[in-house]
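Please keep the sequence and the structure in view while reading.

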Amino acid sequence: LKPGSLLGPMGMCVDRHDRLFVADCGSDRVQIFSREGDFLWCSPTKPDSAAGFWFQSPTAMAADDQGLVYVASDHCVQVF
């Protein structure tokens with residue numbers, strides 16, 4: 001699946017910089033898009049020691065005013 005493509009979006013949120021974060025449960029990743037809809041970034045789809053994190057079946061997201069993003073995935077919540 002190419003970056004920017006979605007396979008099963010479940011949740012999303014917008015951060016204080018107007019970036020859209022999408023929890024894509026079907027592809028086990030989080031993707032970030034600009035306000036205009038341009039693809040910016042996606043998380044690793046498998047354990048990655050360099051990144052230090054990965055998401056398995058992310059389903060919900062929230063962003064706070066400090067710039068942190070909370071991702072609920074596979075019975076846990078990760079913060080980045």
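## The nonpolar core

A nonpolar core is a set of buried Ala, Val, Leu, Ile, Met, Phe, Trp, Tyr and Cys residues joined through side-chain atoms within 4.5 Å, where buried means under 20% relative accessible area, exposed over 50%, and partly exposed in between, with a 1.4 Å probe and protein chains only. The model is predicted, so local features need pLDDT of at least 70 and side-chain atom pairs count only at pLDDT 80 or more, while totals for chains, interfaces and linings use all residues. Residues are numbered from 1 along each chain as its sequence is written, and side-chain values use heavy atoms, with hydrogens and water left out.

The largest nonpolar core has nine residues, namely Cys13, Phe21, Ala23, Val30, Ile32, Phe55, Met61, Val69 and Val71. At least two residues of this core come from each of strand E2 (20-24), strand E3 (29-33) and E6, strands being DSSP runs of E with at least two residues, numbered from the N terminus. One member, Met61, is in contact (heavy atoms within 4.5 Å) with residues including Cys13, Phe21, Ala23, Val30, Val69 and Val71, leaving aside its neighbours within four places in sequence.

Two strands pair if DSSP finds at least two bridges between them. Strand E1 (residues 9-14) pairs with E2 in the antiparallel sense over five bridges, and within this pairing Met12 has Val22 as its bridge partner in E2. E1 and E2 form a hairpin with five residues between them, and Asp18 in its turn has a positive phi of about 60°.

E2 also runs antiparallel to E3, to which five bridges join it, with Leu20 standing opposite Phe33 in E3. Here the hairpin has four residues between the strands, and Asp28 in the turn has a positive phi of about 55°. E2 is mostly covered, since four of its five residues are buried.

## The sheet of E5, E6 and E7

Three strands in the order E5-E6-E7 form an open sheet with antiparallel pairing. Its edge strands, each pairing on one side only, are strand E5 (58-63) and strand E7 (76-79). Neighbouring strands of the sheet are turned by 20° against each other on average, direction ignored, with axes taken as lines fitted to C-alpha atoms and angles running from 0 to 180 degrees between N-to-C directions.

Strand E6 (residues 69-73) is joined to E7 by four bridges, and the partner of Tyr70 in E7 is Val79.

## Aromatic rings

Rings of Phe, Tyr and Trp (its six-membered ring) pair if their centres lie within 6.5 Å, and planes under 30 degrees apart count as stacked, over 60 as edge-to-face and the rest as tilted. By this rule there are four aromatic pairs. The ring centres of Phe55 and Phe80 are 5.7 Å apart and their planes stand at 45°, so this pair is tilted. Because Phe55 lies in the loop between strand E4 (39-42) and E5, and Phe80 in the segment after E7, the pair ties together parts that are 25 residues apart in sequence.

Phe55 counts as buried at 1% relative accessibility, whereas Phe80 counts as partly exposed at 30%. Both belong to one aromatic cluster, together with Phe21 and Trp41.

## Cysteines

How many disulfides does the structure hold? With a disulfide taken as a pair of cysteine sulfur atoms within 2.5 Å, the structure holds zero. The closest cysteine sulfur to that of Cys42 is in Cys25, 16 Å away, which is too far for a bond. Cys76 is likewise in no disulfide, the sulfur of Cys25 being the nearest at 13 Å, and at 37% relative accessibility Cys76 counts as partly exposed.
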